[in-house]
Amino acid sequence: MSRTILVFYGSYRRDRQGIKLARWIVDSLATRGDRAELVDAMAVDLPMLDRRHSDFTAGEAPAAMDALADRIAAADGFVFVTGEYNGGLQPGLKNLVDHYLPQFAWRPAAIASYSAGPFAGIRAATAWRTTLGAMGMVVTATPLSLARIGGAFDADGGPAGEDGERLARAFPRFADDLAWWTDAAKAQREQAPPPF
């Protein structure tokens with residue numbers, strides 16, 4: 001069964017390292033047969049949150065916001081690729097996500113975290129679990145965590161070194177968990193659509 005998975009990434013930094021992980025996840029999910037698409041907050045370029053998508057009347061929301069709302073609503077599941085900023089969430093990714101709410105509901109989300117150091121963004125992943133759960137998503141139990149991201153990919157974007165090897169070994173379980181929850185949630189939504 002092919003699934004549509006959106007992979008969200010939110011760094012705006014000049015020398016973004018996490019984009020390597022986000023692109024690798026997109027490619028790895030596609031290799032498994034899913035339709036994986038990258039949603040890069042910097043490319044979408046929504047303004048700082050003033051009004052959520054649902055606050056606009058039909059046809060009044062900015063075009064980029066409308067287009068992404070449709071993509072989110074059509075997706076079967078999500079991956080959030082997050083770095084850790086001062087022990088917490090990336091502001092760019094949080095701002096992007098906060099523009100939406102009903103589009104995310106009753107779908108699974110998996111978290112892939114990373115850091116330049118040895119702790120692999122674990123505190124950001126923990127914070128995202130709370131946020132995504134509050135938005136109506138089921139957060140999968142299997143995280144994907146990458147330490148020392150600067151040396152974890154080769155020039156072609158493939159996993160490299162010990163940290164890259166750990167990532168490649170951990171990915172199948174991460175993807176299997178997301179696939180199971182995606183299929184279960186999709187079947188349930190088809191039987192009993194969400195009440196909104």
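**A kinked helix and an aromatic cluster**

In helix H6, a kink of about 35° lies at Ala170, shortly before the proline Pro172; the bend at a residue is the angle between axes fitted to the seven residues ending there and the seven starting there. The model is predicted, and local features need pLDDT of at least 70, side-chain atom pairs count only at pLDDT 80 or more, and totals for chains, interfaces and linings use all residues. Residues are numbered from 1 along each chain as its sequence is written, and side-chain values use heavy atoms, with hydrogens and water left out.

The span of H6 can be compared with expectation. Helix H6 comprises 31 residues (161–191), which at 1.5 Å a residue should span 45 Å, and the end C-alpha atoms are 46 Å apart, in agreement. The expected span is 1.5 Å times one less than the number of residues. Helices (H or I, at least four residues) and strands (E, at least two) are DSSP runs, numbered from the N terminus.

The buried residues of H6 include Leu167, Phe171, Phe174, Leu178 and Thr182; buried means under 20% relative accessible area, exposed over 50%, and partly exposed in between, with a 1.4 Å probe and protein chains only. An α-helix has 3.6 residues a turn, so residues three or four places apart point the same way. The buried residues of H6 pack against strands S1 (4–9), S3 (77–83), S4 (108–114) and S6 (144–146), and against helix H1 (18–31). Contact here means heavy atoms within 4.5 Å.

The chain as a whole gives the context for this helix. Six helices and six strands make up its secondary structure, and along the sequence they follow the pattern β-α-β-α-α-β-α-β-α-β-β-α. A compact globule of 196 residues would have a radius of gyration near 16 Å, and the chain agrees, with 16 Å; the radius is taken over C-alpha atoms, and the globule rule is 2.2 Å times the number of residues to the power 0.38. Along its principal axes, the C-alpha trace spans about 50 × 35 × 30 Å. Of the 196 residues, 48% count as buried. Among contacts between residues at least 6 apart in sequence, 79% join residues at least 24 apart.

The whole structure holds eleven aromatic pairs, where rings of Phe, Tyr and Trp (its six-membered ring) pair if their centres lie within 6.5 Å, and planes under 30 degrees apart count as stacked, over 60 as edge-to-face and the rest as tilted. The rings of Phe8 and Phe80 have centres 5.0 Å apart and planes at 10°, so this pair is stacked. Phe104 is buried, with a relative accessible area of 0%. Ring pairs join Phe8, Phe78, Phe80, Phe104 and Trp128 into a cluster.

The C-alpha atoms of Val39 and Phe8 are separated by 4.8 Å, although the residues are 31 apart along the chain. Val39 is buried, with a relative accessible area of 1%. Not counting residues up to four places away in sequence, Val39 touches Leu6, Val7, Phe8, Tyr9, Val44, Leu68, Arg71 and Leu96.
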